[in-house]
Amino acid sequence: MRKYSYSVLTSVLIVCLLSFNVSFSLKKADDKKQTKIQLASLFKDHMVLQRDMPIPVWGKAEAGATITVKFANSEKSTVVDSNGKWRLDLAALKTSFEPRTMIVTSSVNKDIIQISDILVGEVWICSGQSNMQFGVDGVPEIKSLVPSAKNIRSFKVKRTVAFEPQDTCEGEWINEHPDSAVAFSFAYFLEKSANVPVGIILTAWGSSSIEAWMPRDMTETVPHFKTMMEEFDADTETQNRIQAILEGPKPWPRQDDIFLRRQSNMLYNAMMHPLVPFACRGLVWYQGERNTQSMYGMLKEPWFSRNSGILKYRHVLKQWIKRYRKAWNKNDMHFMVVMLPGYGGVLDSGTDMNPESPAAHSWAWMRESQLKALELPNTSVVNTIDLGHVKDLHPKDKLPIGKRLALLTMDDVLKSDIESSGPKLKKVKIKGNTLVVNFGHAKGLKTIDGNPPTGFWLADDSRKWFPADAKIKGKTVVLYSKELLKPKYIRYAFIGKPNVNLVNALDLPAYPFRTDSFQP
């Protein structure tokens with residue numbers, strides 16, 4: 001009886017050991033399944049790779065594994081680091097309309113990933129707030145381009161937020177145009193002009209400030225942003241509400257959606273950081289409206305006005321561009337800023353509330369701040385001074401913006417030696433009681449309607465501004481005001497919604513400017 005019991009116990013013990021071994025084996029198999037190759041979010045079927053520059057490919061896999069990437073005539077290998085991360089750079093590629101396949105393999109378990117239908121051309125990130133998000137269907141002139149569009153692909157980053165920088169984002173490459181009027185029209189005319197496939201990565205969210213798209217470490221270069229993040233870190237009520245929204249049912253109610261998109265730093269974490277360091281030519285930035293709520297910034301109410309105001313924006317924008325270039329490790333990454341178009345609103349912080357006055361606190365000052373980006377190399381500003389609507393924050397005249405973006409890309413970026421700019425101030429000469437403005441990019445200087453140039457104002461040291469009589473003479477405009485014996489200063493197109501008509505032979509509008517140093 002006792003021997004029988006021992007044999008039963010032995011059998012039970014063997015069964016337990018076998019079960020443990022099976023369980024252990026399954027766990028090891030699950031662990032291996034978790035460490036299969038993972039590619040960064042943008043590496044998917046139908047993608048477009050940037051031509052003429054090294055192509056970073058990165059992701060995660062089992063530590064110590066050898067990852068090999070093959071594409072076209074390029075093949076590179078690397079070893080996964082101790083944190084399970086890997087990156088390698090493929091050699092630069094030429095333009096290709098031929099759909100090709102990328103093969104990624106791992107030395108562990110012989111894992112293989114294939115990404116198909118890949119083209120090589122021009123890749124641009126298009127970001128900002130609602131006017132970048134504004135859909136193709138809202139602009140009939142742009143929607144009519146869809147049937148003739150070709151070789152345009154897009155990746156739309158899902159709109160969300162995160163407390164920490166994310167390695168991944170949600171989105172798919174589609175063999176279609178982006179659903180953004182500005183991004184699509186830009187891609188359309190760029191593809192036609194450069195004869196290359198165009199890939200657009202659209203990451204935009206309405207009513208977001210530039211601070212929403214700033215990495216946290218910009219607290220080191222932007223003092224008010226440091227204050228904002230310190231306030232956020234101390235605000236557990238806001239943090240808890242954000243967490244509850246993210247964990248709650250979807251789609252989010254409109255009130256919660258707006259609350260999320262107006263947070264600082266969190267859009268960068270979720271919607272921009274996962275794109276770094278994907279090879280691209282540059283970034284188109286159509287943003288600024290959220291930062292026009294004040295001249296100086298950091299209003300206490302409403303809470304979402306805790307950001308840089310119009311005058312601070314010029315410094316913040318340049319620091320932001322530098323920081324993004326650092327992230328991509330690409331000093332020549334090109335930034336194209338879309339100037340805010342005409343809008344008639346005036347802030348109540350000034351002494352002059354007349355929307356027709358160049359002394360009022362209007363969007364004219366924000367345009368000046370945006371133009372400061374040109375102090376950095378490899379930047380462009382798209383002039384929209386002739387566009388917009390006096391009462392509409394979301395004007396529909398987006399087609400000229402797309403055309404001008406493509407023109408600037410061909411000239412400033414791809415060096416095709418074409419005229420891409422409207423007239424720009426070169427110098428001013430005082431001649432008696434007149435001021436003579438000499439313009440660059442002024443071949444065929446004229447007005448669009450055949451009337452004398454409009455939108456010029458003159459002042460002397462009294463700081464009182466008077467409308468100027470203007471006359472075109474060659475590549476110059478001669479200005480005069482019967483109210484001033486000795487005019488010294490000029491402001492051109494320096495109101496919220498100016499009425500302007502000065503253009504060059506290509507009908508490109510003259511850029512706004514001022515020659516005084518008066519502070520608002």
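**Cavity, sheets and a buried asparagine**

In this predicted model, the largest cavity holds about 50 Å³ of space.

User: How many cavities of 30 Å³ or more does the structure hold?

Analyst: The largest cavity has about 50 Å³ of space, which is above the 30 Å³ cut-off used for the count. The number of cavities of 30 Å³ or more is one.

User: Which elements each supply at least two residues of the lining of the largest cavity?

Analyst: The lining includes Val381 and Val382, and also Arg404 and Leu408. Strand β14 spans 379-382 and helix α11 spans 399-413. The elements that each supply at least two lining residues are β14 and α11.

User: How many residues of the lining of the largest cavity are nonpolar, polar and charged?

Analyst: Among the lining residues are Leu508, Pro509, Tyr511, Ser420, Ser421, Gly422 and Asn383. Gly counts as polar here. The lining divides into six nonpolar, four polar and one charged.

User: Is Asn291 buried or exposed?

Analyst: Asn291 lies in the loop between β12 (282-286) and α9 (310-328). Beyond its neighbours within four places in sequence, Asn291 is in contact with residues including Ser209, Ile210, Glu211, Tyr313 and Met366. Its relative accessible area is 0%, and buried means under 20%, so Asn291 is buried.

User: Which residue has its backbone oxygen 2.9 Å from a polar atom of the Asn291 side chain?

Analyst: The contacts of Asn291 include Asn307, Ser308, Gly309 and Ile310. The backbone oxygen that lies 2.9 Å from a polar atom of the Asn291 side chain belongs to Ser308.

User: What is the bridge partner of Phe456 in β22?

Analyst: Strands of a sheet pair through backbone hydrogen bonds. Here β18 (residues 456-459) and β22 (residues 489-492) run antiparallel and are joined by four bridges. The bridge partner of Phe456 in β22 is Tyr492.

Technical notes:
Residues numbered from 1 in each chain as written. Predicted model: local features only at pLDDT ≥ 70, side-chain atom pairs only at ≥ 80, totals over all residues. Heavy atoms only, no water. Buried < 20%, exposed > 50% of the residue type's maximum accessible area, 1.4 Å probe, protein only. Polar contact = N/O pair within 3.5 Å; in protein donor to acceptor, adjacent residues only side chain to side chain. Contact = heavy atoms within 4.5 Å. 1 Å grid on protein atoms, 1.4 Å probe; cavity = no way out; pocket = protein on both sides within 12 Å on 5 of 7 lines; lining within 4 Å. Points joined across faces, edges and corners; volume = space filled by probe spheres on them. Pairing = 2+ DSSP bridges.
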